[in-house]
Amino acid sequence: MEPLLLSKSRLNVYCQCPEKYRLSYVEKVVPDKTPIPLIEGLALHHIVENCLVYGTKVPDLAAEVSREFWQARSWEQTEYADETAFTKAQEHILHEATTFVAMIGELQTHEMETYMEHPLVHPQTGEVDESIILRGYADIIDTDPQGRIRVIDIKTSARSPNTEQANRAMELTVYAYLMACTFGFHIELPVSLLYLVRSRQAKVVWLDSQRSIPDFVKLHESIISISRAIRQGLFWKNQGMHCTWCVHQDICFAASLAA
Ligand code: SF4
C-alpha cells in the first residue's frame, strides 16, 4: 500500500470540504488562473518571511524578493484584468510588506520554510504507522522573548482574527508534533500565529499558544480518522460560505447542475 501523504493543508482542506480534497489532491485539478487574494497573500507572506529571517543581512531584500516572486508568474495566469493592474498590485504588496516588517520589528529568527517529515507515531506508545507520512514546512523558527525555541505560522487576513485561533489551529499542532517526532513527545513547544491584517489601517496581531502531549494525542486520533475516511473514498460536498473562496467552485457547481 502506497503511504498516504498528509500535511496541515491537506488535513485542513479535508476537514473543510472532502470534495475539495478530492479535486485538489486525488484528481489534482489545477485552476487556470490564480485568484487575486491567493496570489497577493502568497507574495506578502514570501516577502515578509524573507525579511524577518534574512533582512538584516541582505540590503534591499524586500524589493529583490518581490521581483523574484512576481517574475515567476505572468498576469495571464492570474485574475488581474491586465498587465497594468498586475504591475500596480506588485508595488502595492511591496509597500504593504515593508510596512508589516517595520511594525513587527526584529525577531531572533533561525530558519524559514523548515521542512519536516515523519511517519505517524503514537505519542504515548511510540507505535509507528509507516502507511501515513506527515510532512510540512514551518514558516519561521525563532527564539521567543522568553528564550524558548518557537514555531511561527504567518497568516494574511482582511480582518482581525479570533483570539482563540492559536489555541485551536491544527497547523500549529502539526508543526509541534513534527518537531516532537525528532525531539521527543515530552516537549512543550511555544507556537504563534503572526497575523498580517490587511485592513485600511494595517495591523499586526500576535496570538501565542503552546502544544504538548494531550494535543499530540488528539492530533494522532484525528489523523487516523481522516486517513481512514480518505482511504475509503469518503468525499462529499460540504457547501458553505467557504465555497466563495474555493478555486473549484466553477466545476463543483457546474457538475451538480448537470447531475
Ligand atoms: S465549491 Fe464548496 S462544496 Fe465545492 S469543492 Fe469547493 S468548498 Fe467544496
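Thr173, Val174, Tyr177 and Ala180 in α7 meet Asp215, Phe216 and Leu219 in α8. Contact here requires C-beta atoms, placed from the backbone, within 7 Å. Helices are DSSP runs of H or I with at least four residues, strands are runs of E with at least two, and both are numbered from the N terminus. By class, the residues of this α7 and α8 contact are 5 nonpolar, 1 polar and 1 charged. Nonpolar covers Ala, Val, Leu, Ile, Met, Phe, Trp, Tyr, Cys and Pro; charged covers Asp, Glu, Lys and Arg; the others, Gly among them, are polar.

This is a predicted model, in which local features need pLDDT of at least 70 and side-chain atom pairs count only at pLDDT 80 or more, while totals for chains, interfaces and linings use all residues. Residues are numbered from 1 along each chain as its sequence is written.

Now the geometry of that helix pair. Two packed helices are described by the angle between their axes and the distance between the axes. Helix α7 spans residues 170-183 and helix α8 residues 213-231; they pack at about 105°, with axes 10 Å apart. That makes α7 roughly perpendicular to α8, a label for angles of 65 to 115 degrees, whereas under 35 counts as roughly parallel, over 145 as roughly antiparallel and the rest as oblique. Axes are lines fitted to C-alpha atoms, for helices over the stretch in contact, and angles run from 0 to 180 degrees between N-to-C directions.

Next, the strands. Two strands pair if DSSP finds at least two bridges between them. Strand β2 (residues 108-121) runs antiparallel to β3 (residues 128-143), joined by 12 bridges. Leu120 has Asp129 in β3 as its bridge partner. Tyr115 has Tyr137. The hairpin of β2 and β3 has 6 residues between the strands, and Gly126 there takes a positive phi near 80°.

β3 also pairs with β4 (residues 149-157), in the antiparallel sense over 4 bridges. Ile140 stands opposite Ile152 in β4. In this hairpin 5 residues lie between the strands, and Gly147 takes a positive phi near 85°. Strand β1 (residues 4-6) runs parallel to β3 and is joined to β3 by 3 bridges. Here Leu5 stands opposite Ile133.

Step back to the domains. The chain is divided into domain 1 (28-105 + 238-258) and domain 2 (108-231), with bounds from an automatic or database domain assignment. Their centres, taken over C-alpha atoms, are 23 Å apart. The contact takes 13 residues from domain 1 and 11 residues from domain 2. On the domain 1 side, α3 (36-54) and α5 (83-104) are the elements that give two or more residues. α3 gives the most, with 8 residues. That side divides into 7 nonpolar, 4 polar and 2 charged residues.

Last, the ligand. Of the 13 residues around the ligand, Cys17, Lys237, Cys243, Cys246 and Cys252 come nearest. A residue is near a molecule or strand if its C-beta atom, placed from the backbone, lies within 6 Å of it. α2 (18-26) and α9 (249-258) each supply at least two residues of the shell. α2 gives the most, with 3 residues. By class, the shell has 5 nonpolar, 5 polar and 3 charged residues.

Technical notes:
Contact = placed C-beta atoms within 7 Å.
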